[in-house]
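My notes follow in the order I made them.

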Amino acid sequence: MIRVVGNRARAAIIRSQQITGLTPDVIAELITEIGPLWHERHQAVLTSRPRRRAVGAGAKHKLVFVDRLLATLVHLRHGATHDVLACWFGVDRSTITRAIGEVRPLLAIRGCTVAPDIRLRTLAEVVDHLGASGQTGIIDGTEVRVRRPAVGRRDREKFISGKNKQNAVKSMVVTDAIGRLLFCSPAEPASCADITHARKLGLVKLLADGPAVEILTDAGYQGLGAQTGGRVVTPPHRKFKKNPPEWYEEMYERQRKAHSSRRIRVEHGIGHLKNWRSLARHHGRREHMSDIIQAVAGLLSHQQVATLARGTRT
């Protein structure tokens, strides 16, 4: 098998943001951060079972950690299949599958980066961050199409989206007022309503008991405002359903437009997420979607912070 990725090709991949979606500086930070974690887990696996030879004996890895990370990034960014990546890196398909399965969870647990020294991993940390910084949060749900569950599965209908009428999973996305990603929740079957998903994540309790935070949402979250003391702001209700006066119709449209113009930033954040091919449509196992969504959100937020910092320096 011909090995396509050598030292020069690896350097070219790292330099190209079009291939990985990340700048070389961000990839270097990932190698420094994720590399020791991967080696630690790998050594723990080697020492966890009886051995005839010492740890480290035998054949060495054909796929070094940097290549494992790059293969995972290309897979997430462009949806390249494991077969294609195996030919590219000159290894067996099972090696690529195992490498992505090891690196992707490490990327998922990183959380979303909001500053070089601040990283948010839970919804509680997001609420505390918004309260401490006095920022407005924006929440919306997003869906990713997945394969239809096999015939005979008891929970087969749970994945059918009531909105799009297709099999999908759903995640709740939180951004700040300028659209920077703060949090992506684990995936839920798409039949779960947005407001139900938010309640399952504990948003109501966090806002009721936590700092005074303004959260903008769409009409799918109506009802949370009363439960959180007005901290969740939804579009205004229409008071006149039939024959409304002209003055009310104008005021109603003006209020809805003002709310929509503030909330649109979360749609931009979701749009950046969907630029990663693995979130446009998922063809693999549905149970991997939580790791994929959170890994992409963490990578994208890290890149956003690095871009802002570079702009500030220049």
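**Entry 1: Thr-228.** I looked up Thr-228 and found a relative accessibility of 4%, so Thr-228 counts as buried. Buried means under 20% relative accessible area, exposed means over 50%, and partly exposed lies in between (1.4 Å probe, protein chains only). I placed Thr-228 in the loop between helix H10 (224-227) and strand E8 (232-233). Helices (H or I, at least four residues) and strands (E, at least two) are DSSP runs, numbered from the N terminus. Leaving aside neighbours within four places in sequence, I found Thr-228 in contact with Val-204 and Leu-207. Contact means heavy atoms within 4.5 Å.

**Source note.** This is a predicted model: local features need pLDDT of at least 70, side-chain atom pairs count only at pLDDT 80 or more, and totals for chains, interfaces and linings use all residues. Residues are numbered from 1 along each chain as its sequence is written, and side-chain values use heavy atoms, with hydrogens and water left out.

**Entry 2: Leu-181.** Next I took Leu-181, which lies in strand E5 (residues 181-184). Leu-181 is buried because its relative accessible area is 1%. I then checked Gly-269, which is 88 residues from Leu-181 along the chain. The C-alpha atoms of the two are separated by 6.4 Å. Not counting residues up to four places away in sequence, Leu-181 touches a list of residues that includes Gly-269, Leu-273, Ala-297 and Leu-300. Cys-112, Thr-113 and Val-173 are also among them.

**Entry 3: His-302.** Is His-302 buried or exposed? At 7% relative accessibility, I noted His-302 as buried. His-302 lies in helix H12 (residues 289-313). Beyond four places in sequence, His-302 touches Val-26, Glu-29, Arg-110, Thr-113 and Arg-119.

**Entry 4: H4 and H5.** Two packed helices are described by the angle between their axes and the distance between the axes. I looked up helix H4 (residues 65-78) and H5: the axes come within 11 Å and cross at roughly 145 degrees. Axes are lines fitted to C-alpha atoms, for helices over the stretch in contact, and angles run from 0 to 180 degrees between N-to-C directions. On the H4 side, the contact is made by Asp-67, Leu-70, Ala-71, Val-74 and His-75. H5 brings His-82, Leu-85, Trp-88 and Phe-89. By class, I noted six nonpolar, two polar and one charged. Ala, Val, Leu, Ile, Met, Phe, Trp, Tyr, Cys and Pro count as nonpolar, Asp, Glu, Lys and Arg as charged, and the others, Gly among them, as polar.

**Entry 5: the largest pocket.** I found about 520 Å³ of space in the largest pocket. On a 1 Å grid over the protein atoms alone, a pocket is an open set of points with protein on both sides within 12 Å along at least five of seven lines; a cavity is a set where a 1.4 Å probe fits but cannot get out; lining residues have an atom within 4 Å of a point. Grid points are joined across faces, edges and corners, and a volume is the space filled by probe spheres set on the points. The pocket is lined by 22 residues, and His-75, His-82, His-282, His-283 and Gly-284 lie nearest its centre. H6 gives the most to this lining, with five residues. I noted the lining as four nonpolar, 11 polar and seven charged residues.

**Entry 6: the cavity.** I found one cavity of 30 Å³ or more. About 40 Å³ of space lies in the largest cavity. Its lining includes Val-173 and Leu-273.
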